[in-house]
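Have the viewer open and follow along.

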Amino acid sequence: MSVLVCVEGRDNTKLMQNLRTSLPGVEIHEWPNCSNLDKVQFVIAWKAPESIWDRLPNLQVVQSYGAGVDGIALQRIPEHVEVTRIVDTDLADDMAEYILGHVMAHKLRIREYAHKQYQTVWKPKRAFKHNHIGILGLGELGQVAARKLKANDFSVSAWSRTKKNISGINCFAGIDELQTFLFELDYLVCLLPLTGETTGILNRKVFEQLPNHCILINVARGEHLIEEDLLWALDNQKLAGATLDVFNHEPLESGHAFWQHPLITLTPHCAAVTSMSSVCEQIVYNITACINKNALMNTVDKHLGY
């Protein structure tokens, strides 16, 4: 078995060490230092150059290094090749806590009081009564977040591509039900997978359908958001604020308008950081399964993108 690690934009030293220790009989190379691409059967990828896929005639499995597969050019992957992703249960819990924390920060006016502290202004106010949270996306992350919010006495609605039934959650599905889902939300959380259909879904049309006191929380992908539409919505009182953990280009450039906007809270893509041990455990499992011709874990539908 020959494995190629093609994870761009990060130091893969620990990943390579862990894989070589766990799989002593497997050849493991890191792009671009692989002299024989013809032998590669298994690729661990994120933001890999699209030209690489035509150079791997014996490819059997592509393992995403992330929870999503938007970092892989799925349209370039041959039909017979399986694609898998990382599923980290701790990541889902971390994401749910991040969302709950930022909802509570807005509800309790924490950002507002932080500004007043710097201005030495003493002006107490009641917390907002806003209690209705809408979640775009009801995959594993969305379901865990919905249950966490429900357990903390929030009213939770959720929207997904296809209908889901989750106890205590008001579920909507499909484009025809999107407007009804948005109508009375106090908070809108995006946890959608990034696909051709969901790219740019956080846009002016959606913002115009939300109550003007609504807060946007985007923890999915930066490409879900039309940035100029968010700035328009905030500057024209169509939204009351936004918490953003993901961006079109990361790290966010220092001159970007989001940094200094008084209604935007930024975090550096830290809402849920996958642990190296969990990542390696799943990758080793799938490499071993590939060698033994067993079923892989966490496979995705290349046509749907998740």
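Is Arg 76 buried, partly exposed or exposed? Keep in mind as you look that this is a predicted model. With a relative accessibility of 27%, Arg 76 counts as partly exposed. Its partner is Asp 54: the two side chains meet in a salt bridge, 2.6 Å from N to O. Arg 76 sits in the loop between β4 (61-64) and β5 (82-84), while Asp 54 sits in the loop between β3 and β4, so the pair ties together parts that are 22 residues apart in sequence. Asp 54 has a relative accessibility of 59% and counts as exposed, because the cut-off for that class is over 50%.

Now let's turn to a second pair. Asp 70 forms a salt bridge with Arg 221, and their closest N and O atoms are 2.7 Å apart. Asp 70 belongs to the loop between β4 and β5, and Arg 221 to the loop between β10 (215-218) and α7 (227-235), so this contact ties together parts that are 151 residues apart in sequence. Asp 70 is partly exposed, at a relative accessible area of 24%. Arg 221, at 18% relative accessibility, counts as buried, since buried means under 20%.

Lys 39 and Glu 27 form a salt bridge in which the closest N and O atoms are 3.0 Å apart. Here Lys 39 lies in the loop between β2 (27-30) and β3 (40-46), whereas Glu 27 lies in strand β2, so the pair ties together parts that are 12 residues apart in sequence. Lys 39 counts as partly exposed at 39% relative accessibility, and Glu 27 is partly exposed as well, with a relative accessible area of 35%.

Stepping back, how many salt bridges does a search of the whole structure find? The search finds nine. Salt bridges also link Arg 109, Glu 112, Lys 116 and Lys 125 in a network. Side chains of opposite charge can pair when their charged atoms come close.

Our last stop is a group of acidic residues. Asp 90, Asp 93, Asp 94, Glu 97 and Glu 140 form a negative surface patch. Which element gives the largest share of the negative patch? That is helix α2 (residues 89-107), which contributes four residues. Asp 93 lies in this helix, α2, and is partly exposed, with a relative accessible area of 39%.

Terms used. Residues are numbered from 1 along each chain as its sequence is written. This is a predicted model: local features need pLDDT of at least 70, side-chain atom pairs count only at pLDDT 80 or more; totals for chains, interfaces and linings use all residues. Side-chain values use heavy atoms; hydrogens and water are left out. Patches are made of residues with over 30% relative accessible area and no salt bridge: like charges are joined within 9 Å, nonpolar side chains (Val, Leu, Ile, Met, Phe, Trp, Tyr) within 5 Å. Accessible areas come from the Shrake-Rupley method with a 1.4 Å probe; for residues, only the protein chains shown count as cover. A salt bridge is a side-chain nitrogen of Lys or Arg within 4 Å of a carboxyl oxygen of Asp or Glu. Lys and Arg count as positive and Asp and Glu as negative; His and the chain ends are not counted. The place of a charge is taken as NZ of Lys, CZ of Arg, CG of Asp or CD of Glu. Helices (H or I, at least four residues) and strands (E, at least two) are DSSP runs, numbered from the N terminus. Buried means under 20% relative accessible area, exposed over 50%, partly exposed in between (1.4 Å probe, protein chains only).
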